[in-house]
Amino acid sequence: MRAVLEIQKLLAPDIVETLKKRYTILRQIRYSGLVGRRTLASALHMTERVLRAETEFLKGQGLVEIDPSGMRINDAGLKLLDEMEPMMKEWFGLTELEDRIAAAFGLWQVVVVPGDCDTDLLAKRELGRAGAAALAKAAAADSAPEAAGAGAVIAVTGGSTIVEVAQHLSATPQLRGALYVPARGGLGERVELQAGTIASAMAKKTGGEYRLMHVPDDVSEEAVQSLMGEPQIREVADIVRRARIVVHGIGEALVMARRRRLDEGTIRKLQEDGAVAEAFGYYFNRDGLVVHKMPTVGLRLEDIERTETVIAVAGGASKAQSIAAVLKNGHEDVLITDEAAAQNMFKFS
């Protein structure tokens, strides 16, 4: 198929650009639900006149429905989007990016979605959709007795990107019956961004179960040892540490340190040690070495080493170095990222 696409690019570039434009419009309508023309034009940075012509064409092809309240994609449009995705990834150059990143960082699978999460809400939603698909695929793997979601333990971290993953899950056979747990205790995030809240949301979306870890994650090592003496806390911690699948986000080290209200002395130490990334409470330098870790009753790095599938979901040009640093540590199997981060990661590989 790649050879055919290259010929089309050379001989009919106008057709390629038209297909890209209409594909992008359909994607935006899908994620907007019911949307007005003015709102859609603004989101796509397109004039209303041009958008009107394109949406009328899509309506004529039976792909969208338009009425006085706005426009929405229909089942035929959704089916076409799914069928077009592999071809459009080739045309956007994303398939090549995926292959290069997988080879550079030794990953099983890489999915790159169009756009930049730093500036484009649609890209973040696409990350969530791709992350949900990757989780369903991992849960369906038959390499463990509890495969296909039947009792599989899935540990998740917090953050806005993992919230998007939760929102795109559904009660598929692969995920129904899974047990969702927070990878760690509360890390000072807003409640809706905390791992426990996300774990419960995933369970409700998929028909699974969840267990919560009712402990803070900003305590001393001595306090962790004391908490582990509590039977209920130890029971949940043991479940978390035998998770078969881990889904986690990646943050910029100093941004996360301040968001989680670390003291100024610790922040200065992170700067001195060259911390550029944070994931599951660990801080990494640009070479992927751990320079700081937060005491936890939850998932530890040694537990992640034993996990069957580790899925990282993160995007945005600003996170390129952070993503590369975490991947260098070598525990991830699958990366879901966006075009902007993918293009910039090679500067730090």
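Q: Which residue is the bridge partner of Ala275 in strand 10?
A: Asn285 is the bridge partner of Ala275. By the way, this is a predicted model, so local features need pLDDT of at least 70 and side-chain atom pairs count only at pLDDT 80 or more, while totals for chains, interfaces and linings use all residues. Residues are numbered from 1 along each chain as its sequence is written, and side-chain values use heavy atoms, with hydrogens and water left out.

Q: What makes strand 9 and strand 10 a pair?
A: Two strands pair if DSSP finds at least two bridges between them. Four bridges join strand 9 (residues 275–279) to strand 10 (residues 282–285), so by that definition they pair. The two run antiparallel.

Q: Why are strand 8 and strand 11 said to stand at the edges?
A: The open sheet has four strands in the order 8-9-10-11, with antiparallel pairing. Strand 8 (251–252) and strand 11 (290–293) each have a single partner strand, so one side of each has no neighbour in the sheet.

Q: How do you know what counts as a helix or a strand in this chain?
A: Both are DSSP runs numbered from the N terminus: helices are H or I with at least four residues, and strands are E with at least two. Counted that way, the protein chain has 16 helices and 13 strands.

Q: How does helix 15 lie relative to strand 9, and at what angle?
A: Helix 15 (residues 320–329) lies across strands 8, 9, 10 and 11, and runs at about 70° to strand 9. That angle comes from axes, which are lines fitted to C-alpha atoms (for helices over the stretch in contact), and angles run from 0 to 180 degrees between N-to-C directions.

Q: Why is helix 15 called largely enclosed?
A: A residue is buried if its relative accessible area is under 20%, exposed if over 50%, and partly exposed in between (1.4 Å probe, protein chains only). Seven of the 10 residues of helix 15 are buried, so the rest of the structure largely encloses this helix. Those buried residues are Ala320, Ser322, Ile323, Ala324, Ala325, Val326 and Leu327.

Q: Which residues does Gln321 touch, not counting residues up to four places away in sequence?
A: Gln321 touches Val276, Arg286 and Phe348. Contact means heavy atoms within 4.5 Å. As for Phe346, which is 25 residues away from Gln321 along the chain, the two C-alpha atoms are separated by 8.9 Å.

Q: How many bridges join strand 7 to strand 4 and to strand 12, and which way do the strands run?
A: Three bridges join strand 4 (residues 153–156) to strand 7, and four join strand 7 to strand 12 (residues 309–313). Both pairings are parallel. Val156 has Val247 as its bridge partner in strand 7, and His248 has Ala312 in strand 12. In strand 7 (residues 245–248), Ile245 and Val247 point one way, Val246 and His248 point the other way, and all are buried.

Q: How does the lining of the second largest pocket divide by class?
A: Seven of its residues are nonpolar, five polar and four charged. Nonpolar covers Ala, Val, Leu, Ile, Met, Phe, Trp, Tyr, Cys and Pro, charged covers Asp, Glu, Lys and Arg, and the others, Gly among them, are polar. Of the 16 lining residues, Thr24, Ala43, Leu44, Asp120 and Leu122 lie nearest the centre of this pocket.

Note on methods: On a 1 Å grid over the protein atoms alone, a cavity is a set of points where a 1.4 Å probe fits but cannot get out, and a pocket is an open set with protein on both sides within 12 Å along at least five of seven lines; lining residues have an atom within 4 Å of a point.
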